[in-house]
Every structure is written in C-alpha cells, then in structure tokens.
Amino acid sequence: MTSRTLNSITGSKNYLKCENFQRVGAFKFRGAYNTLSLLTEKQKKQGVITHSSGNHAQAIALAASLLGIKATIVMPKGAPVNKINATKGYGAEIVFCDNNLESRAQTTEEIIERNNSILIHPYDNDNIINGQGTAAFELIKEVGDLDLVIAPLGGGGLLSGTAIASKGLCPNAQVIGVEPSIADDGLRSLKAGYIIPSTYPNTIADGLRTSISEKTFKFIQKYVDQIVTVSEIDIIEAMRFLWRRMKIIVEPSGAVPLAALLSKKILVNNKKVGAILSGGNIDLEPFFQLLEKKLE
C-alpha cells in the first residue's frame, strides 16, 4: 500500500507491506503455518505448544486447527483480551502464566514434560524465521529493488527473516530494525556484542516486549544494518496517521516502522523504502464503548 501524503512528508517513495490483512491479522501466520506444515506425522500427533502474548498464539492456534493438530498456548495474564479471545476461538487450549519471561518458559517446560508436546518457539526457530521472511520476499518481488527495508524488532524472527530475504533479493538494500525506546534491548545488545535481556518493559507495543534469542541475534548481527528506537508518542502518532489518512487499523507493534519514518529517525530522502506493518490486532472495544456512551 502507498500514500502520496506519506511520500510528501518523508521525501521518499514508500511501500507498506500491510500484514494487518494477513490471516489472524498479523505476519505470525506465515511462520506458524510454515513450521507446522513441516512437522512429521508423528510430531503432529504429539501436539504443539508455544508461549505468546497474542499474535503468535493466534497464528499457532489457527495453523494447528487447519492441520488437525492439538495446540496448547501459554499466555501471560496481562495479554490483550482480544488476542486471548481470538486464540480460544481458533480452538487452542490456553494456560495462563505470570507476566514475565521466566514464568512463560517454566510453565511451557512443565507442560512439555507432562504431555511430550512439540515446542514451536515464537522466533527461535529456523522454519518460523523462514516463514516470516516471505513478507519481505513478496514485497520486493512486487515493487522491485528497495534502498531500505524497515521492520519491527521484538524477538527478532520477523527482522531476521526480513533481513535474509532482503539481502538475498537486493544485496545493496539497508535493513533497519525499529523498537520502542523503552524496550531497546535489541539496540543495546547490538552495541554491546552480546544479548542484554529484556526486562519486559511496559510499552504499548506489547508484541515487542520480549528478548531476542541467540539464533535471531546472529542473523541481526550479520544482516541488519541499523536499529533505531521510537518513543511511545511516536508510535501513537504513526497509528493516528494510518487510521486517519490511510484508513487502516494497525496495532502499536506494527506501527513502529512508520513511527521511525514520521519522526525522522531514519534518513530516507529520495530513497525507495519498504516497511513491514506487522499486524492490526488491537482491542477496539473501548472506542465502541465510548460511542455507545454518547447515545445515552
């Protein structure tokens, strides 16, 4: 999707890959379906398990349903209600854990020991990364070579896949990751040369609160040219632009690439830019409740 207004603001030609229109409303379905479809028949019978705050949970739940696989999802108690409900709606069993990475991992391991389920990690998995990379692959195949490709950075699966695909198709393109300034473990890790774990920061971009993994960190070090950060206000302004000017609903995590463009964190004048808007799963119920109150 393109916007003449956005092009005028940034001085660049921008192509937005709108993964909010993807199955489950986010890019995560790409990696989930790719990974589950590659399981052996024996593994499928064992069932799968993952931990996720939302979009990966929904993706695994739907992919498992389509492929006839039992899915168990470990979700933090503070996960968005709309994402919990959607995951249930796809038929997965949900087990709640405390709102931290340690509890996620521990709860998942306990269930694996009991049920012998196959772990489908949200991003520390080659098949997940390969699946996520198809978003950038499709974008470049459609619009041609790009000067810059921008993607959100949370656990690093999407950014890793984006970087691998982008460098493979247009080696001269710069690949840039974007994360919230209060969840900048990726930037700090890249500068330090080793992983600095996320402390589960309270950013509105709930999908970007997690830490990168050893696997994704290696891909980021090898293929990503730069990581920039954006403020919470920057993210909101990007969402406002998308909703008002382009009439599309994008969640905070998905809006961070546009936030970097609008806040001038990346110099793109006269460049051809691709940006992955990773998802659109935001709870709109408060908005509709406000409208209903006006009817009273």
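Trainee: How many nonpolar, polar and charged residues does the lining of the largest cavity have?

Mentor: Ala, Val, Leu, Ile, Met, Phe, Trp, Tyr, Cys and Pro count as nonpolar, Asp, Glu, Lys and Arg as charged, and the others, Gly among them, as polar. By that scheme the lining of the largest cavity has ten nonpolar, 16 polar and six charged residues. This is a predicted model, in which local features need pLDDT of at least 70 and side-chain atom pairs pLDDT 80 or more, while totals for chains, interfaces and linings use all residues. Residues are numbered from 1 along each chain as its sequence is written, and side-chain values use heavy atoms, without hydrogens and water.

Trainee: What is a cavity, and what is a pocket?

Mentor: Both are found on a 1 Å grid over the protein atoms alone: a cavity is a set of points where a 1.4 Å probe fits but cannot get out, and a pocket is an open set with protein on both sides within 12 Å along at least five of seven lines; lining residues have an atom within 4 Å of a point. Grid points are joined across faces, edges and corners, and the volume is the space filled by probe spheres set on the points. Here there is one cavity of 30 Å³ or more, and the largest cavity holds about 390 Å³ of space.

Trainee: Which residues lie nearest the centre of the largest cavity?

Mentor: Of its 32 lining residues, these are Phe27, Lys28, Gly155, Gly207 and Leu208. Helices are DSSP runs (H or I, at least four residues) numbered from the N terminus. H9 gives the most to this lining, with three residues; helix H4 (55-67), H6 and helix H9 (157-169) each supply at least two.

Trainee: Why does the largest cavity lie between domain 1 and domain 2?

Mentor: Domain bounds come from an automatic or database domain assignment. Domain 1 (4-23 + 125-285) and domain 2 (27-119) both give residues to the lining, so the largest cavity lies between them.

Trainee: What volume does the largest pocket have, and which residues are closest to its centre?

Mentor: The largest pocket has a volume of about 250 Å³. Among its 19 lining residues, Leu101, Tyr123, Thr210, Ser211 and Ile212 are the closest to the centre. Helix H6 (residues 101-115) gives the most to this lining, with four residues, and domain 1 and domain 2 each provide at least three. By class there are seven nonpolar, eight polar and four charged residues.

Trainee: Which residues line the second largest pocket?

Mentor: They are Ile236, Met239, Arg240, Trp243 and Ile282, around a volume of about 170 Å³. Four of these are nonpolar, none polar and one charged.

Trainee: How many aromatic pairs are there?

Mentor: A pair of aromatic rings is described by the distance of the centres and the angle of the planes. Rings of Phe, Tyr and Trp (its six-membered ring) pair if their centres lie within 6.5 Å; planes under 30 degrees apart count as stacked, over 60 as edge-to-face and the rest as tilted. The structure holds three such pairs. In one of them, phenylalanine 219 and tyrosine 223 have centres 6.5 Å apart and planes at 25°, so the pair is stacked. These two are four residues apart in helix H11 (residues 214-223), and so are separated by about one helical turn. In another, the rings of phenylalanine 287 and phenylalanine 288 have centres 5.3 Å apart and planes at 70°, so this pair is edge-to-face.
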